[in-house]
Amino acid sequence: MAAADEGLGEQLDRLLALEPNEPLLRWYRIQHASQVGDLERCAGELAELEARGLTSPLVQALATLLLDEDPAARNHLARPEDLPAPEGAFDHAVLGHLAHRWRDSGRAWTELSAALVLEPDAWLVRDLRILPGMERAWGEGAIEDALRVEDVLGRPTVRTLHARAFAADGRGQVQHARDLWHAALELEPHQRQALHGLGRSSYGMQEYERARDELEAAAAAKPGFWNAYLLLARCAQEQ
């Protein structure tokens, strides 16, 4: 098991210890356990969901995939349209997460919104809805969710800061956006989205040397980050 995978599992365990009643957080842990081949832990967490009354044909269908002994089958990403219809808020949240992984922001927004209609105080679902919200009206769709998550937690997170920065940048509030991205980097120094946002902002201001440094840091934070590579190529052309 890679060190990064171990680290993520430990982080999720710490979060679960703090928020044991957050089913979506437990779902993240279930998926991680399946991905790294810890099927015993995966089965145990699925049993915990069932004990809490959070089982359904949809969850059972996904559980069959997640517990498959064959890694290729286990890591196959199911399509939302191939699964049973959702029966409650948790099912909608799971489908929303799955749609987000397929980069279907419209379906993700619809499913997560349905979950929030049924459970308006589910802050972790609201936190997840920030992601498809950022693709609505140049990020404005994420602002309410970001602010409400910050209100629940009593502090900003990297995701809420990035969402607010993205929207501010779209409104032309460049310095405010940069301040928010820098605040995100104070929480997570190598956060690729904040670094990319800063690089894109610097590029737009024709500060190509600064943009290059920020984009190189973004690319280093996530190898294969093609958006950063594309802007780096444009910086090279401009200089």
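I began with Cys235, which is buried at a relative accessible area of 1%; here buried means under 20% relative accessible area, exposed over 50% and partly exposed in between, with a 1.4 Å probe and protein chains only. This is a predicted model, in which local features need pLDDT of at least 70 and side-chain atom pairs count only at pLDDT 80 or more, while totals for chains, interfaces and linings use all residues. Residues are numbered from 1 along each chain as its sequence is written, and side-chain values use heavy atoms, with hydrogens and water left out.

**Entry on Cys235.** I placed Cys235 in helix 14, residues 226-238; helices are DSSP runs of H or I with at least four residues, strands are runs of E with at least two, and both are numbered from the N terminus. Leaving out residues up to four places away in sequence, I found that Cys235 touches Tyr203, Tyr208, Ala211, Arg212 and Leu215, where contact means heavy atoms within 4.5 Å. I also looked up Trp123, which is 112 residues from Cys235 in sequence and 39 Å from it in space, C-alpha to C-alpha.

**Entry on the cores.** I then turned to the largest nonpolar core, which has 34 residues, and noted that those with the most contacts inside it are Leu24, Trp27, Ile30, Leu58, Leu62, Leu83 and Val125. Such a core is a set of buried Ala, Val, Leu, Ile, Met, Phe, Trp, Tyr and Cys residues joined through side-chain atoms within 4.5 Å. At least two of its residues come from each of helix 1 (3-18), helix 2 (23-35), helix 3 (39-51), helix 4 (57-66), helix 6 (89-101), helix 7 (105-118) and helix 8 (123-133), and the largest share, six residues, is that of helix 6. For Leu58, setting aside neighbours within four places in sequence, I listed contacts with Leu83, Pro84, Pro86, Asp91, Val94 and Leu95. Another core, of 23 residues, lies apart from the largest one, and Ala165, Leu198, Leu231 and Leu232 are among its members.

**Entry on two loop residues.** I checked Arg103, in the loop between helix 6 and helix 7, and saw that its phi is near 60 degrees, a positive value in a residue other than glycine; Arg103 counts as exposed at 74% relative accessibility. Gln206, in the loop between helix 12 (192-204) and helix 13 (208-221), has a phi near 65 degrees, which is likewise positive in a residue other than glycine, and Gln206 is exposed with a relative accessible area of 57%.

**Entry on the largest pocket.** I noted a volume of about 2,600 Å³ for the largest pocket. A pocket is an open set of points on a 1 Å grid over the protein atoms alone, where a 1.4 Å probe fits, with protein on both sides within 12 Å along at least five of seven lines, and lining residues have an atom within 4 Å of a point. The volume is the space filled by probe spheres set on the points, which are joined across faces, edges and corners. Of the 50 residues that line the largest pocket, His100, Leu131, Arg159, Arg192 and Gln193 lie nearest its centre. Helix 8 gives the most to this lining, with six residues.
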